[in-house]
Amino acid sequence: KGQITVTLQLNGHPVQVDCRPDTRLLTLLREHWGLTGAKPGCEVGRCGACMVWLDDAPANACLLMAYQLEGRAVRTIESVAADPASLPVRQALAECGGVQCGYCSAGMVMTMSHLAGLQPRPSLAEAEALMCGNICRCTGYGGIRRALVRVFD
Ligand code: FES
């Protein structure tokens with residue numbers, strides 16, 4: 001009782017789940033589908049640790065509820081990190097010291113990869129501004145900025 005059936009595309013595959021309509025996507029990913037790359041941080045849409053792509057645009061999985069997902073396409077870090085298209089971003093973060101504890105890294109890669117794939121590609125200043133929804137709890141922004149410079153400058 002009180003359950004809905006939701007059908008969506010998850011990392012390119014059709015999936016279905018029976019759950020309460022207010023079950024958060026972050027919970028479904030981690031506890032139902034075992035995809036733990038999206039991380040619970042603030043859980044109120046402020047930190048970006050839970051970032052996924054919803055219909056190819058970054059979205060906070062902690063703010064999306066099951067009833068909003070019918071017919072949508074969700075892509076997670078598990079899929080994006082396996083895609084060679086995200087390699088320049090992943091490499092830049094790794095080589096520029098943009099990863100400290102790593103908790104924010106999946107979310108950073110999701111937002112940065114999306115921005116790097118836009119046509120036209122944002123300027124460095126635009127990319128910096130558009131990364132404002134991704135917070136690093138180690139405050140390791142020096143390395144993250146160096147990675148942004150490498151990708152967007
Ligand atoms: Fe979703 Fe922080 S956990 S934005």
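The sections below go from the domains to single elements of this predicted model.

## Domains and their contact

The domain assignment divides the protein chain into domain 1, residues 4-80, and domain 2, residues 84-152. Taken over C-alpha atoms, the centres of domain 1 and domain 2 are separated by 21 Å. Domain 1 contributes 15 residues to the contact, and domain 2 contributes 13 residues.

On the side of domain 1 that touches domain 2, at least two residues come from each of strand S3 (51-54), strand S4 (57-60) and helix H2 (77-80). S3 gives the most to this side, with three residues. Sorted by class, the side of domain 1 that touches domain 2 holds eleven nonpolar, two polar and two charged residues.

Helix H1 spans residues 25-32. Its buried residues are Leu25, Leu26, Leu28 and Leu29. Viewed down the axis of H1, these buried residues fall within an arc of 170°, so they line one face of the helix.

The cover over the buried residues of H1 includes strand S2 (13-19), S3 and strand S5 (73-75). Just after H1, Gly34 adopts a positive phi of about 70°.

Val44 is located in the loop between H1 and S3. Is Val44 buried or exposed? Val44 counts as exposed because it has 9 C-beta neighbours inside 10 Å, and the cut-off for an exposed residue is 12 or fewer.

Val44 and Leu8 are 36 residues apart in sequence. In space, the C-alpha atoms of Val44 and Leu8 are 23 Å apart.

## Packing of H3 and H6

Helix H3 covers residues 87-95 and helix H6 covers residues 141-152. At what angle do H3 and H6 pack? The angle is about 145°, and the axes of the two helices are 8 Å apart. The crossing in which H3 passes H6 is right-handed.

From H3, the residues in this contact are Pro88, Val89, Ala92 and Leu93. They meet Ala147, Arg150 and Val151 in H6. By class, the contact of H3 with H6 comprises six nonpolar residues, one charged residue and no polar residues.

Note on methods: Residues numbered from 1 in each chain as written. Predicted model: local features only at pLDDT ≥ 70, side-chain atom pairs only at ≥ 80, totals over all residues. Axes fitted to C-alpha atoms, helices over the stretch in contact; angles between N-to-C directions. Helix = DSSP H or I, 4+ residues; strand = E, 2+ residues; numbered from the N terminus. Left-handed = near helix turned anticlockwise from the far one by under 90°. Contact = placed C-beta atoms within 7 Å. Nonpolar A, V, L, I, M, F, W, Y, C, P; charged D, E, K, R; others polar. Domains from an automatic or database assignment. Buried ≥ 20, exposed ≤ 12 C-beta atoms within 10 Å, placed from the backbone. Arc of directions from axis to C-beta.
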